[in-house]
Number of protein chains: 2
Amino acid sequence: MESILIKGASVVVTQDRERRILRDFDILIEDHRISSIARDISATADVVLEAKGKLVMPGLINTHTHIPMNLFRGVADDMGLMEWLEKKIWPMERKLNPYHIRAGALLGMLESLKMGTTTIFDMYFFEGTIAEAASKIGIRAVLASSVLEFPTPETRSAEEALSIAENFIKEWKGRDPLVTPSIGPHAPYSVTPENLIRAKEIAVDENVPLQIHLAEDYSEVEQMRKKYGKPSIKHADDLGLFDARTVAAHVVWPSSEELEILRKRGILVSHNPVSNMKTAAGFSPIPDYLKNGIRVGLGTDGAASNNVLDMFETMKFAALIHKGYMRDPTVVNVRQVLDMVTRTPAEFLGIKLGAIEPGSMADVVILDIKKPWWIPLHSPESHLVYSARSSDVAHVIVNGKLVIENGELTTLDEGQIMKDAVKASLDLLERSGVKSFLSNKL
Amino acid sequence: MESILIKGASVVVTQDRERRILRDFDILIEDHRISSIARDISATADVVLEAKGKLVMPGLINTHTHIPMNLFRGVADDMGLMEWLEKKIWPMERKLNPYHIRAGALLGMLESLKMGTTTIFDMYFFEGTIAEAASKIGIRAVLASSVLEFPTPETRSAEEALSIAENFIKEWKGRDPLVTPSIGPHAPYSVTPENLIRAKEIAVDENVPLQIHLAEDYSEVEQMRKKYGKPSIKHADDLGLFDARTVAAHVVWPSSEELEILRKRGILVSHNPVSNMKTAAGFSPIPDYLKNGIRVGLGTDGAASNNVLDMFETMKFAALIHKGYMRDPTVVNVRQVLDMVTRTPAEFLGIKLGAIEPGSMADVVILDIKKPWWIPLHSPESHLVYSARSSDVAHVIVNGKLVIENGELTTLDEGQIMKDAVKASLDLLERSGVKSFLSNKL
């Protein structure tokens, strides 16, 4: 494995336990890990990155997406949920096959890496294809094979989905250091109690994380109350779902009693502020979660409801929308937001990640801060949340490998990924009969 | 004046009356104006911009900022309003002189131009200095000299402020095609009824716009009700303030009866979604304004409450936060948002701007769309609001002049602007005694 020496970084936002910010430091990366941080390291290395005028921080962790949905970007917006699903998303989704999945996943991963995201949590179909894409392009990925009661492009039944998920986990566990396989029962309203339990048992038996959509929409919680006499989180908890290490996406509508479940079970709430605004799900009570010591990570959700996978933008939305909604400018501060994209999800995963410190896995982002919007540099933490643009990302290192160098992908051909995605998208339009500006042209 | 030929633009989002989107068109710019739009224009021009793989749109209009406040970026965040003002902003603001104003203004204008903004509406002090900066760097600017009852860095009294504003307007009217002088009575709570009327009279006599903060905070409206027995907008209307062509910033808290005043008086509401979230002012009822035919523009506000002047980001916030707040994904659609940054404020100004059509002033932005987040190109309008990054801006033309070429400023030295801003910021810290990360270093 190549060694990398980052020389003379003007600013290092370590995100270590003391949240130290260092100036003019070197960082040495050897054997996939950060081996030392000091002034004037004299070691030789295979790659030397000059970092004067640059800021070094841990790679960003996106805790919720559906990466192949990048092919659906902008196909329809500003519509009611059911119309959007029935006329646009579902017709396209039904026609998906591994060819589209691969093209969309690589597009989403390319975009993610260029914007400084080094780990994605994904829930979709054909996760084996997605795992191969992650391994090839060089992004860290926690991939959940979805379980749903109704047919998907990959499965005809929940029975089949459970079996595919179990096989996917067995196949990918320990196979590639970048890939953590996982299981994704879609949501309490779309999976029966029996199959939620079976999904949980697979996660526990295989010791992998479980990913689920939880209490995203108010109508879901109402529906659960009617059907089971209790709201979504309580329902899932009573089934024992949270015996598995659980990432719960959205969690916009908890009852106050359910907060204690989220805390006690160590659930990682994946907050998706951009998606929650776009789909009009509402404001997840993040200030309450933080006050109650509940783990909070950030996610973009899929490109169909965002429409980009920009974690810098997501940080700004997370820091701001709750201030507006609570009418309190002090809720959700920059330090809390930085933890959401680094330390907190890393701790949940149990991988030594999310901080620039010796021994940590080398997932590192280097930003060019010689830009007008970085002046003056009153506070690097404030600037990372409120002023940084994802385009400031110059270099990205994942698992000790330089995958983005001067903004360009080193592992695969960017132009080819983009061409393949256009082609796959056109193919999907043709198969599904969905119309768009693009399809009108060609 | 140089002529510019834009060759083979892959996409032109015209923002003309029919909101036409053209493919593979040429655009010729002569004598500050767009002279023709057609396939294969054969004219020669001083500058030829190859635009295959690029998108052309009208320059963005930022209807509310305090441009020198870029020097205050990130000095303090996530604080209560009064603590923030008393401990940080006011101590620095009291020490401002034209040296800082010039440095901060150029920094803010550089940032604006690089991000595709071709017109700014500003309200601050020393507007003559800001006008000179706008003229030199080459940005279109509508500049309001502020009027306040209490002392400012420039004035000791409202009396003096009114006189300075009047002189500024007389001096700059008709002097530079880029600069529209204007008057800025700060707000109904900070200017007496008598002085509001005098400010209005100056605006009407000189036929220039008037800019004011209006109903930004709920407590302001309460205060006005107590003092005058009516809310802010009604109070201002009864004084005849809106006899002047008025830009009202924020307007978060109108009563339902006041909507009719906003509509009837043709007021341009400048919506500042990022600032409104950061200061916790609340959610301006933009869906109601649109339904009632009230003019809506977008603004960033000053960098202290944003902390960047990115109008692409502002568009996304404007399109999304009201969906979340109203729990309705159909409110505020992409076409409405694009109008807010182009046609609507241009129409208010009475300058032929905000559309790519023959005869229009040539304020034009050209984006590089060969980027992963532009794929697939289902809808250029959707992508401009939800997916475009301000860093996609490649070229910017203001008033027929190419001011940003391949992302770099052509008129002044970018590096010098950045250096000067750092220096002025340090000087301001020293004079005011405010502490920051930066000051700790040096």
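This is a predicted model: local features need pLDDT of at least 70, side-chain atom pairs count only at pLDDT 80 or more; totals for chains, interfaces and linings use all residues.
The chain pairing comes first. The size of an interface is often given as the accessible area lost when the parts come together. Here, chain B and chain A bury about 5,900 Å² between them, and carbon and sulfur atoms give 67% of that. On the chain B side, the residues that lose the most area to chain A are B:Asp78, B:His378 and B:Phe437, which together make up 14% of what that side buries. As for head count, 75 residues from chain B and 75 residues from chain A take part in the contact. There are also eight salt bridges between chain B and chain A. A salt bridge links the side chains of A:Glu313 and B:Lys316, with N to O at 2.6 Å.

Within chain B, helix α2 (residues 98-114) and helix α15 (residues 414-432) pack against each other, with axes that come within 8 Å and cross at roughly 135 degrees. The handedness of the crossing, as α2(B) passes α15(B), is left-handed. By class, the residues in this contact come to 10 nonpolar, one polar and six charged. On the α2(B) side, the contact residues are B:Tyr99, B:His100, B:Ala103, B:Leu106, B:Leu107, B:Leu110 and B:Lys114. What they meet in α15(B) includes B:Ile417, B:Met418, B:Ala421, B:Ala424 and B:Leu428, along with charged residues, among them B:Glu414, B:Asp420, B:Lys423, B:Asp427 and B:Arg431.

Most residues other than glycine have a negative phi, and most peptide bonds are trans. In chain A, a cis peptide bond joins A:Ile375 and A:Pro376, with omega at about -10 degrees. A:Pro376 sits in the loop between β14 (364-368) and α14 (380-387) of chain A. Back in chain A, A:Gln15 is not a glycine, yet its phi is positive, at about 55 degrees. A:Gln15 belongs to the loop between β1 (4-13) and β2 (21-30) of chain A.

Methods: Residues are numbered from 1 along each chain as its sequence is written. Chains are lettered from A and ligands numbered from 1 in the order in which they are written. Side-chain values use heavy atoms; hydrogens and water are left out. Axes are lines fitted to C-alpha atoms, for helices over the stretch in contact, and angles run from 0 to 180 degrees between N-to-C directions. Helices (H or I, at least four residues) and strands (E, at least two) are DSSP runs, numbered from the N terminus. A crossing is left-handed if the near helix is turned anticlockwise from the far one by less than a right angle, and right-handed if clockwise. Contact means heavy atoms within 4.5 Å. Buried area is the accessible area (1.4 Å probe) that two parts lose on being put together, summed over both. A salt bridge is a side-chain nitrogen of Lys or Arg within 4 Å of a carboxyl oxygen of Asp or Glu.
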